[in-house]
Each structure stands twice: as C-alpha cells, then as structure tokens.
Amino acid sequence: MGDILGLFLAAMQRQGDVSYILSGSAVTMMNKIISDHTSPLFAQFARYSLAPFDKDSSRELISKILPELKNPDFIQEIYLFTCGNPFYITVLCERIRNLSHTISQIDESLIRTVFILEALSKNGKIYAHSQYVYDLSLKQATGDAALRNILRLLAEEEGQP
C-alpha cells in the first residue's frame with residue numbers, strides 16, 4: 001500500500017489549486033494513512049469526523065441519490081432506519097435504486113426489506129461495517145478480559161458469531 005500512497009502523494013504535489021478529500025468508514029485504516037509517521041500521506045490531511053445528519057440534511061442526501069423518491073413518508077422511513085448516518089443512508093439508497101430497476105415502485109416494504117438485507121445479511125455493507133466495529137472493539141479490549149467477555153456475550157445474545 002505504501003507505493004500507491006507514495007504515488008498519490010507525488011501526483012498531489014505536482015498539482016496546484018486542487019483539493020483532495022479522503023473519506024472512509026474504516027476508521028483505523030484512515031487514521032493510519034494520515035497519522036502514521038511511516039505513511040507517505042503523514043500530516044498531509046486534516047481529520048474531520050462526520051456526525052449523523054439531521055432530518056433536513058438526510059432528506060437532501062436521499063434526494064441526491066434517489067431523486068425519484070418524492071414521498072416524504074418514505075424519506076422519513078429511511079431517516080428513521082439510518083438515524084441520519086450518511087454511510088447508512090448512502091448504502092440503503094443505492095440498494096433501493098438498484099432494486100427499483102426490477103421492482104416497479106419504491107414503497108415502505110421495499111425500504112424495510114433493503115434495511116434488513118443490509119443490516120443482517122453477511123453480504124450487507126451495514127452488516128460488514130457493524131462487524132468491523134465489533135472486531136475493532138475486541139482488539140482494543142485485548143488487555144481487559146472482562147470487557148472482551150461482555151462484548152462476546154452481547155454478540156451471542158444478538159445472534160452474532
């Protein structure tokens with residue numbers, strides 16, 4: 001990965017009047033890319049966390065991804081399932097958009113089905129993100145056996161491996 005980042009840095013340095021944004025939900029990897037002193041991109045970027053969106057910002061993002069979705073109840077439904085998390089909104093809306101090509105209309109049933117698929121299916125991006133957060137939590141709790149056991153018990157109660 002170092003070579004790719006080095007090439008990216010070289011390309012960045014050759015260009016003027018251009019801004020770059022690195023974005024990702026893999027927090028540990030993103031931190032390493034910009035904060036590890038061995039990374040070519042060390043100290044080249046400022047770090048900002050993106051908080052959950054409010055209802056208006058969520059509606060705006062949903063409308064950009066699914067401009068055909070006009071029903072405010074359906075937009076509210078997506079907001080409620082995602083709690084304004086921009087990654088979750090994007091994942092749900094993209095999956096709804098992909099499925100809406102084969103299904104004649106977007107309705108509450110489709111929105112619920114897509115959320116369930118994304119959150120509970122091993123192929124779902126929300127599931128993968130949740131698994132990543134769980135694994136990261138376990139790694140951070142490596143010295144504290146009691147905390148690790150609590151996390152495992154909670155996961156088992158919820159049906160996680």
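**View 1. Thr 82 has its place in helix H4.** This is a predicted model, and we start at a residue tucked away from the surface: Thr 82 counts as buried, because its relative accessibility is 2% and the cut-off for buried is under 20%. A polar atom of the Thr 82 side chain lies 2.9 Å from the backbone oxygen of Ile 78. Beyond its neighbours within four places in sequence, Thr 82 is in contact with Tyr 88, Ile 89 and Leu 92.

**View 2. Helix H3 has a buried side and an exposed face.** Look for Ser 58, Leu 61, Ile 62 and Ile 65, which are buried in H3. These residues sit on the same side of H3 because they cover an arc of only 100° around the axis. An α-helix has 3.6 residues a turn, so residues three or four places apart point the same way. The buried residues of H3 pack against H4 and helix H5 (86-100). Turned away from that buried side is the face with the exposed residues Glu 60 and Lys 64.

**View 3. Asp 54 caps the N-terminal end of H3.** Here a side-chain oxygen of Asp 54 lies 3.3 Å from the backbone nitrogen of Asp 56.

**View 4. Glu 68 is in the loop between helix H3 (55-65) and helix H4 (72-82).** Glu 68 is partly exposed, with a relative accessible area of 43%. Setting aside neighbours within four places in sequence, you will find Glu 68 in contact with Arg 97, Ser 100 and Ile 106. Glu 68 and Arg 97 are 29 residues apart in sequence, and their C-alpha atoms are 9.3 Å apart in space.

Conventions
Residues numbered from 1 in each chain as written. Predicted model: local features only at pLDDT ≥ 70, side-chain atom pairs only at ≥ 80, totals over all residues. Heavy atoms only, no water. Helix = DSSP H or I, 4+ residues; strand = E, 2+ residues; numbered from the N terminus. Buried < 20%, exposed > 50% of the residue type's maximum accessible area, 1.4 Å probe, protein only. Contact = heavy atoms within 4.5 Å. Polar contact = N/O pair within 3.5 Å; in protein donor to acceptor, adjacent residues only side chain to side chain. Arc of directions from axis to C-beta.
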